[in-house]
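Visitor: I'm new to this structure. Could you pick one part and walk me through it up close?

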Amino acid sequence: MRAIVMREFGGPDVLRPEDVPEPAPRGGHVLVEVALAGVNYADVHVRGDSYLAPVELPYIPGNEVVGTVDGARRVVGLCRGGGYAERALLHRKVIWDVPDGISDEQAVALALQGNSAWHLLFTSLRITPGETVVIPAAAGGLGSLAVQLAAHAGAKVIGLAGSPEKRKLAEELGAHAVVDSTAEDLTERIVEAAGGPVRAALEMTGGVTFERTLAAVAPRGRLAVYGYAGGELASVPIRDLMERSLTVSGFWLPQLYADRTALPASMQALFDAVAAGWLKPLTGATYALDEAARAHRDLAARTPTGKLALDVARRHPA
């Protein structure tokens, strides 16, 4: 079968198409004929050897797919590598039937990013109606879903985005206000837009953006960290946390894979929200499987909006 294989760590060019053996059968797993493979920042960290869980080379990246089982059953699910391929093995605990009326493009946006957005807001931050919450990358795959989920839950959303086009899109999705995520006075802009320090915030950039976001959180507020897309880890200021009684928590979706109820419940809630029409996954660019390197370059440049995916059946013109 055709797959994208990493034989070394490095830039996007280490993502090379190859013919590889079929996945070997494993107990508790299902073989999925892949239609779309989601592209995520986690894949970028895997490629750069900075992912939370180490991987052994050679390695096929990709942590979420939508496709079919036995040629008929349409499913979406999560995997720990192996998704950038024509076929992938998924554990039965993290695979779900896709309801009629939900497209493959919508479904692949929900598995990793949708579930992450849901649990960041409702499991980690436990947001309540009337609270103000900061959401970074508010026009991106996860961020755009988080904006809609938080707004629907009655929260006042302050989005962060780096371009006027993305800020406009985030407002259209339900953000109360959206500020420039690259501004040096980011803390002041968040506080001004929110009408005061915020009760809750998400953070996924790291470095100085982490520091500026944390500074905008009110005493006894909460911040949930789910990435460091900027490539720079942040130091948590313990004295400041104590003085303001702040809670900083980390989040990594694979910690929920073994939970019997967490992901099935959130996945059903996401499907229901899309079916009801109030949650609209942003379907972004799709690329041929052998354009994986290009997809990673575009993701790193933060030029596209919405969910990026590899169309496994599509062939890139020679």
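This is a predicted model: local features need pLDDT of at least 70, side-chain atom pairs count only at pLDDT 80 or more; totals for chains, interfaces and linings use all residues.

Guide: H8 runs over residues 262–276, and at 1.5 Å a residue its 15 residues should span 21 Å; the C-alpha atoms at its ends sit 21 Å apart, so the two agree. Now see which residues are tucked away: Ala262, Leu263, Ser266, Met267, Leu270, Phe271, Ala273 and Val274 are the buried ones in H8. Their arc around the axis is only 160 degrees, so they lie on the same side of H8. What do they pack against? The buried residues of H8 meet strand E5 (73–78), strand E7 (95–97), helix H2 (104–124) and helix H3 (141–152). Turn to the face pointing away from that buried side, and you'll find the exposed residues Ala275 and Ala276. Just past the helix, Gly277 has a positive phi of about 95 degrees.

Next, the open sheet: its 6 strands pair in parallel, in the order E10-E9-E8-E11-E12-E13. E10 (177–180) and E13 (247–250) are the edge strands, each with a single partner, so one side of each has no neighbour in the sheet. On average, neighbouring strands here are turned by 20 degrees against each other, direction ignored.

Notes:
Residues are numbered from 1 along each chain as its sequence is written. Side-chain values use heavy atoms; hydrogens and water are left out. Helices (H or I, at least four residues) and strands (E, at least two) are DSSP runs, numbered from the N terminus. The expected span of a helix is 1.5 Å times one less than its number of residues. Buried means under 20% relative accessible area, exposed over 50%, partly exposed in between (1.4 Å probe, protein chains only). The arc is that of the directions from the helix axis to the C-beta atoms. Contact means heavy atoms within 4.5 Å. Two strands pair if DSSP finds at least two bridges between them. Axes are lines fitted to C-alpha atoms, for helices over the stretch in contact, and angles run from 0 to 180 degrees between N-to-C directions.
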